[in-house]
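Dear colleague,

Please find below the structure that I am handing over to you.

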Amino acid sequence: MARRRLKALADGADRVSTRLLPWVVAVMVFLSALALAALLAVHGSVATWTGDMERKLTVQVTTGDSAARERQVSAAAAYLRALPGVEAVHILADREILDLLEPWLGAGNVDGDLPVPALIDVTITQGATVHPSAVAARLKTVAPDASLDDHEQWLGRVRDLAMMIEGIAIAVLTLVTLATVAIVVFGTHAGLAAHRATIETLHIIGAHDKMIAREFQDRFLFLGLKGGLIGLALAAASVFIARRIISELGVGVLGPMTISMAELAALFILPLFAALVTMLTARFTVLAALRRMV
Amino acid sequence: MILFENVGMRYGLGPEVLHNISFELRAGSFHFLTGPSGAGKSSLMRLLYLAHRPSRGSITMFGKNVAAARRDELPALRRRIGVVFQDFRLLEHLTALENIMLPLRIAGGEEKLIREHAEELLHWVGLGDRMAARPSTLSGGEQQRVAIARAVIAKPDLLLADEPTGNVDSEMADRLLHLLMELNKHGTTMLIATHDMAVVSSLGAAQLHLEDGVLRLVGARGNGHGA
């Protein structure tokens, strides 16, 4: 059958409940978008933190004999530089080591006589594989007082924390999405209740069920999409403002908190999803109402 | 064209409201449906405009047994029936012109031709200057005329009108009845439900008289045919 437009639902002439529907959708898409944006930002930050640390090894040489320490540091550095997969080896100067201690001991409380271990910062080439246990064992033969830290213990704790935060964000997103579906379905039902007389009249004057359903689904798709885009625009503005405040505060621990273009595109799925739910609810509600008629 | 044979009707599991209704309306006939309130006129009209199925008996409309017809066959039959409801049932958010255009939009056709036809019909019912008016801004008589125009625009084979003169003064009632008679002259079969016995006797058309859900009297005057 050819697609006929009945134009039985004039734009802007809906009942109050129908007029409210875009705003209901807007609020729910706004909340969903904020939850999703938070999830994506946390996920991105954790990936940045752990990605940086996964490519780092730290060698510590602990001996009170400064001559032996110098000798072992040189031997260890030479061994590490020759190791396949190592991008850079940096022997930290005493001043750099003391600077690292200053946040913990307080400014001015660190003097040059403090016995500190020698530190070597090793950067692994991106994509290369280095086996820390094998490297540690070989290192012992060239520098007996050296120990290797691959940060795995710290990374494990960060990953556990990240998993917990992401789990909470996913739970919030799921709940908000379910609430969105429920509220959009309820709002659509309320909007359609006001159109019951229209549905009956179109039925009696000879319109097919699918013809009537299409009339309503098109209208409600438009209302859902309009609300969804309003909600997304409000969420985008909120995220932009939040990012500016965070960057102005210089909260380093939060990392860059950036959202990629692909993730931004994922956010656009939310209004489309809300519009789809609205459209399908309208379609099935109208068809169900019509099936109760002869 | 319309044949009722021993038709009974009930709402849900309730008592039967129409009992053993049998009559025939021939093509081009003009009948009144009369009877006191609660006699079953509205129920009979619901059967005729296919809003309800009979609980027993057989209804043949346009050669089709509608009691046994599939649900998806009914819309095509409904398009051959024009209905003027007592409460008009105009779509409040559409203009008078848009309301009249609806049946032709459902049937399909070129929008420009539909519009031209609807405008012509609005002039014919004397509302050429109220095309853009919404139903709530029209008087009862004007809404009645819009409802009639909507019912006849698709040139139905059968026109059903429920108390078409119930909401208008006597002068307007005369005009509307003459309008319906004119349609009948063009071949449309008419069935008009009314309480107004003065109207019935003035036109002298055949009548179906209902009392307590039973067809008590079938007038056989005019061009109608009783069974």
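How many residues of domain 1 of chain B are in contact with domain 2 of chain B? In this predicted model, nine residues of domain 1 meet ten residues of domain 2.

**Domains of chain B**

Domain 1 of chain B covers residues 1-80 and 158-227, while domain 2 covers 89-155. Between the C-alpha centres of these two domains of chain B there are 24 Å. On the side of domain 1 that touches domain 2, helix 6 (residues 170-185) of chain B provides the largest share, with four residues. By class, that side of domain 1 of chain B holds seven nonpolar residues, one polar residue and one charged residue.

**The sheet of chain B**

Chain B contains an open sheet of four strands in the order 2-1-4-5, paired in antiparallel fashion. Its edge strands are strand 2 (16-25) and strand 5 (64-65) of chain B, each of which pairs on one side only. Strand 1 (residues 2-10) and strand 2 of chain B run antiparallel and are joined by six bridges. Within strand 2 of chain B, B:Glu24 is the bridge partner of B:Leu3. Helix 1 (residues 41-48) of chain B packs on this sheet and touches strand 1, strand 2 and strand 4 (56-61) of chain B. The direction of helix 1 makes about 60° with that of strand 2 of chain B.

**Individual residues of chain B**

B:Asn6 lies in strand 1 of chain B and has a phi near 50°, a positive value in a residue other than glycine. B:Asn6 counts as exposed because it has 12 C-beta neighbours inside 10 Å, and a residue is exposed with 12 or fewer.

B:Leu50 is placed in the loop between helix 1 and strand 4 of chain B. Its phi is near 60°, again a positive value in a residue other than glycine. Is B:Leu50 buried or exposed? B:Leu50 is buried, because 22 other C-beta atoms lie within 10 Å, and the cut-off for a buried residue is 20 or more.

A further residue, B:Asp129, is found in the loop between helix 4 (111-124) and helix 5 (140-152) of chain B. B:Asp129 is exposed, with 9 other C-beta atoms within 10 Å. From B:Asp129 to B:Leu104 the separation is 25 residues in sequence and 21 Å in space, C-alpha to C-alpha.

**The contact between the chains**

Chain B contributes 20 residues to the contact, and chain A contributes 17 residues. On the side of chain B that touches chain A, helix 2 (74-78) and helix 3 (96-107) of chain B are the elements that give two or more residues. Helix 3 of chain B gives the most, with five residues. This side of chain B is made up of eleven nonpolar, three polar and six charged residues.

**Chain A**

The secondary structure of chain A consists of eight helices and four strands. Starting at the N terminus, the order of elements in chain A is α-β-α-β-α-β-α-β-α-α-α-α. Chain A is divided into domain 1 (16-50 + 156-291) and domain 2 (63-144), and the C-alpha centres of these two domains of chain A lie 51 Å apart.

The radius of gyration of chain A is 31 Å, whereas a compact globule of 294 residues would have one near 19 Å. The C-alpha trace of chain A spans about 100 × 40 × 25 Å along its principal axes. Of its 294 residues, 30% count as buried. Among contacts in chain A between residues at least 6 apart in sequence, 89% join residues at least 24 apart.

Chain A also has an open sheet of four strands, in the order 2-3-1-4 and with antiparallel pairing. Strand 2 (86-91) and strand 4 (146-149) of chain A each have a single partner strand, so one side of each is left without a neighbour in the sheet. On average, neighbouring strands of this sheet are turned by 20° against each other, direction ignored. Five bridges connect strand 2 of chain A with strand 3 (residues 118-124) of chain A, and the two run antiparallel. A:His90 has A:Asp121, in strand 3 of chain A, as its bridge partner.

With kind regards

How values were computed. Residues numbered from 1 in each chain as written. Chains lettered and ligands numbered in written order. Predicted model: local features only at pLDDT ≥ 70, side-chain atom pairs only at ≥ 80, totals over all residues. Pairing = 2+ DSSP bridges. Contact = placed C-beta atoms within 7 Å. Axes fitted to C-alpha atoms, helices over the stretch in contact; angles between N-to-C directions. Nonpolar A, V, L, I, M, F, W, Y, C, P; charged D, E, K, R; others polar. Domains from an automatic or database assignment. Rg over C-alpha atoms; globule rule 2.2 N^0.38 Å.
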